[in-house]
Amino acid sequence: MKKMELHILTFSPTGTSRRVAEGIAKGTGGQDMHFTDITRQTSVSLNFNSDQLLLVCVPVYGGHVAPTAMQRLDAIRGNDTPAVPVVVYGNRHYEQALEELSSFLTERGFRTMAAATFIGEHSYSTEQTPIAVGRPDAADILFAEQFGQEIAKKWNEGRIAETIDASAIEQPHQDAGTMMHFKQTVMTWMQSGVPMPVSPLADTSLCNACGTCADLCPTSAISRSNPQETDASLCIKCCACVKGCPANARTYPTPFAPLLAEIFSLRKENKYLI
Ligand SMILES: Cc1cc2nc3c(=O)[nH]c(=O)nc-3n(C[C@H](O)[C@H](O)[C@H](O)COP(=O)(O)O)c2cc1C
Ligand code: SF4
Ligand code: SF4
């Protein structure tokens, strides 16, 4: 069996998808690994062959793969290349995201040999509204490493041509009443025009103009000369700037944060299919 050449692609504004990807990669025990982080890279154009393996690890936004990740991955091409789509979500649900990513890869010449869903601390999580705080935690990383070991086993047994159906992965347990409550609340907000912040706010009394937020922003929405200014039309509300501000000067006061913290507090578990 040919030695495994693993390529990892990740988009990860707040770092949870990246940590999951690193855990899976470590678990494969591979020596020939190539990591490409497209969080602050506007596009990527890579071609893969059937002797390589691609792992794609991206966050879920609104039940879909983060649109910016999809746009940036648009030009990748496989040639009957085995691939592992992985989506990371904030303890609510990933809905269509995993199937979407698997189909996206299939359309570009890849075949899904394994797939997984992981939980990451929610981008909107704060001290007052904690949502999946600290995840992926040590147990999640161990699970990611085990998944990596399974991938290497399948590769070494020469079974990479065996594909899986990503839609068959076990869904997270969620009682119907809670999901209904969430959807109805959001619908009421939409109908009554509850204001949604279009981008994070910077507290001018706390900001020391260090520029960290501008460096962290995946879409260059924050002015480098005046970091308290954000171009809302570019902002994807990823909260990288909020979580990364050393002065705690940035906040994203979305009404989703308390709602999610209240109703999706029960720990969900990671799943994989291989
Ligand atoms: C705009 C936006 C929408 C999100 N939508 C969902 C969602 O539908 N379901 C969910 O469980 N988490 C959702 N999340 C949370 C992220 O999927 C989660 O925090 C993920 O770990 C972030 O990945 P990253 O650390 O790689 O940026 C959303 C986050 C953002 C910023
Ligand atoms: S990271 Fe925080 S303190 Fe630094 S410029 Fe941005 S808002 Fe200001
Ligand atoms: S300004 Fe918007 S896009 Fe940029 S890091 Fe902050 S939340 Fe993300």
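Mentor: Helices are DSSP runs of H or I with at least four residues, strands are runs of E with at least two, and both are numbered from the N terminus. The model before us is predicted.

Trainee: Which residues around ligand 1 come nearest?

Mentor: Thr 16, Ser 17, Pro 59, Gly 90 and Gly 120 come nearest, out of 24 residues around ligand 1.

Trainee: Which residues come nearest to ligand 3, and what is the division of its shell by class?

Mentor: Of 17 residues around ligand 3, Cys 217, Cys 235, Cys 238, Ala 240 and Cys 241 come nearest. By class, this shell holds 13 nonpolar, 3 polar and 1 charged residues.

Trainee: How many residues of strand 1 are buried?

Mentor: A residue is buried if 20 or more other C-beta atoms lie within 10 Å of its own. In strand 1 (residues 5-10), 5 of the 6 residues are buried, so this strand is largely enclosed by the rest of the structure. The chain crosses from strand 1 through helix 1 to strand 2, a right-handed β-α-β crossover.

Trainee: How many bridges join strand 1 to strand 2, and how many join strand 1 to strand 3?

Mentor: Strand 1 and strand 2 (residues 32-37) run parallel and are joined by 6 bridges; Glu 5 stands opposite Asp 32 of strand 2. Strand 1 and strand 3 also run parallel, again with 6 bridges. There, His 7 has Leu 54 of strand 3 as its bridge partner.

Trainee: Which residues of helix 8 are buried?

Mentor: In helix 8 (residues 256-263), Phe 256, Ala 257, Leu 260 and Ala 261 are buried. These residues lie on the same side of helix 8 because they cover an arc of only 125° around the axis.

Trainee: Now the backbone. What is the value of phi for Asp 80, and is this residue buried or exposed?

Mentor: For Asp 80, phi is near 60°, a positive value in a residue other than glycine. Asp 80 belongs to the loop between helix 2 (67-73) and strand 5 (81-89). To judge exposure, one applies the limit of 12 or fewer neighbouring C-beta atoms. Asp 80 is exposed, as it has 12 other C-beta atoms within 10 Å.

Trainee: Is Cys 239 buried or exposed?

Mentor: Cys 239 is buried, because 22 other C-beta atoms lie within 10 Å. The phi of Cys 239 is also positive, about 70°, although it is not a glycine. Cys 239 sits in the loop between helix 6 (212-216) and helix 7 (240-244).

Trainee: Which peptide bond is cis, with omega near 5°?

Mentor: The bond from Arg 135 to Pro 136 is the one with this geometry. Pro 136 is found in the loop that lies between strand 7 (115-119) and helix 4 (138-156).

Methods. Residues are numbered from 1 along each chain as its sequence is written. Chains are lettered from A and ligands numbered from 1 in the order in which they are written. This is a predicted model: local features need pLDDT of at least 70, side-chain atom pairs count only at pLDDT 80 or more; totals for chains, interfaces and linings use all residues. The arc is that of the directions from the helix axis to the C-beta atoms. A residue is near a molecule or strand if its C-beta atom, placed from the backbone, lies within 6 Å of it. Two strands pair if DSSP finds at least two bridges between them. A crossover is right-handed if, with the strands pointing away from the viewer, the path from the first strand over the helix to the second runs clockwise. Ala, Val, Leu, Ile, Met, Phe, Trp, Tyr, Cys and Pro count as nonpolar, Asp, Glu, Lys and Arg as charged, and the others, Gly among them, as polar.
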